[in-house]
Amino acid sequence: MSFRSRGPRTVPLKSAEEVDAIVRKIRDDQTRPENYRERSLKLHGWICAKCGREFELSNLHLLTVHHKDGNHNYNPPDGSNWENLCVYCHDDEHSRTILADYLAGKDKKS
Ligand SMILES: [Zn+2]
Ligand SMILES: [Zn+2]
């Protein structure tokens, strides 16, 4: 009998070199302003701020960064405008704010 992870595939452990490469890539990404996601994940952790669901590398793509003020160009380095939300909570958040934005007439790109 061997232990199996719950998923259909077993994910092989990464070697130190691979981890290094990933870390380097993340660091490179962070120097680019559009990669606030990596920074936010690092700052706030791999956890949904709303439902508290925790994430790991295999499902991290389901964790997204929400901009609290709705402005994707406002990315203060202290992370004060970011909130890590899972896609479900994020969707929920936007189904409200989209309506609010619509009612406030902010729907158009300025
Ligand atoms: Zn959530
Ligand atoms: Zn959002």
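Colleague: Which residues of α2 are buried?
Modeller: In this predicted model, the buried residues of α2 are Tyr 36, Glu 38, Arg 39, Ser 40 and Leu 41. Just after α2, Gly 45 has a positive phi of about 90°.

Colleague: And what is the order of elements around that helix?
Modeller: The protein chain has 3 helices and 2 strands, and from the N terminus they run α-α-β-β-α.

Colleague: What makes the site of the zinc ion (ligand 1) tetrahedral?
Modeller: The label rests on angles. Four donors count as tetrahedral if all angles lie between 85 and 135 degrees. Here the 4 donor atoms make angles of 103 to 118°, so by that rule the site is tetrahedral.

Colleague: Which atoms are the protein donors of that zinc ion (ligand 1)?
Modeller: They are the SG atoms of Cys 48, Cys 51, Cys 86 and Cys 89, lying 2.3 to 2.4 Å from the zinc ion (ligand 1). Along the sequence their spacing is C-x2-C-x34-C-x2-C. Cys 51 sits in the loop between α2 and β1 while Cys 86 belongs to strand β2 (residues 82-86), so this pair ties together parts 35 residues apart in sequence.

Colleague: With those cysteines in view, how many disulfides does a search of the whole structure find?
Modeller: The search finds 0 disulfides. For one to be counted, a pair of cysteine sulfur atoms must be within 2.5 Å.

Colleague: What about the zinc ion (ligand 2): which protein donors does it have?
Modeller: Its protein donors are His 66 through ND1, His 90 through NE2 and His 94 through NE2, at 1.9 to 2.1 Å. They follow the spacing H-x23-H-x3-H along the chain. His 66 in strand β1 (residues 63-67) and His 90 in helix α3 (residues 87-104) are 24 residues apart, and the pair links distant parts of the chain. Both His 66 and His 90 are buried.

Colleague: Why is Glu 93 called buried?
Modeller: Glu 93, in helix α3, has a relative accessible area of 17%. The limit is under 20%, so Glu 93 is buried. Beyond its neighbours within four places in sequence, Glu 93 is in contact with Lys 50, His 66 and Leu 85.

Colleague: And how do you know that Leu 57 is exposed?
Modeller: Exposed means over 50%, and Leu 57 has a relative accessible area of 55%, so it is exposed. Leu 57 lies in the loop between α2 (36-44) and β1. Setting aside neighbours within four places in sequence, Leu 57 is in contact with Lys 14 and Trp 46. Leu 57 and Trp 46 are 11 residues apart in sequence and 9.1 Å apart from C-alpha to C-alpha.

Colleague: What share of the 110 residues in the protein chain is buried?
Modeller: Buried residues make up 25% of them. The chain exposes about 8700 Å², with carbon and sulfur atoms supplying 55% of it.

Note on methods. Residues are numbered from 1 along each chain as its sequence is written. Chains are lettered from A and ligands numbered from 1 in the order in which they are written. This is a predicted model: local features need pLDDT of at least 70, side-chain atom pairs count only at pLDDT 80 or more; totals for chains, interfaces and linings use all residues. Side-chain values use heavy atoms; hydrogens and water are left out. Donors are N, O and S atoms within 2.8 Å of the metal (3.2 Å for Na, K and Ca); water is not among the atoms, so sites may look incomplete. Helices (H or I, at least four residues) and strands (E, at least two) are DSSP runs, numbered from the N terminus. Buried means under 20% relative accessible area, exposed over 50%, partly exposed in between (1.4 Å probe, protein chains only). Contact means heavy atoms within 4.5 Å. Four donors count as tetrahedral if all angles lie between 85 and 135 degrees; four count as square planar and six as octahedral if opposite donors are over 155 degrees apart and all others between 65 and 115; anything else is irregular. Accessible areas come from the Shrake-Rupley method with a 1.4 Å probe; for residues, only the protein chains shown count as cover.
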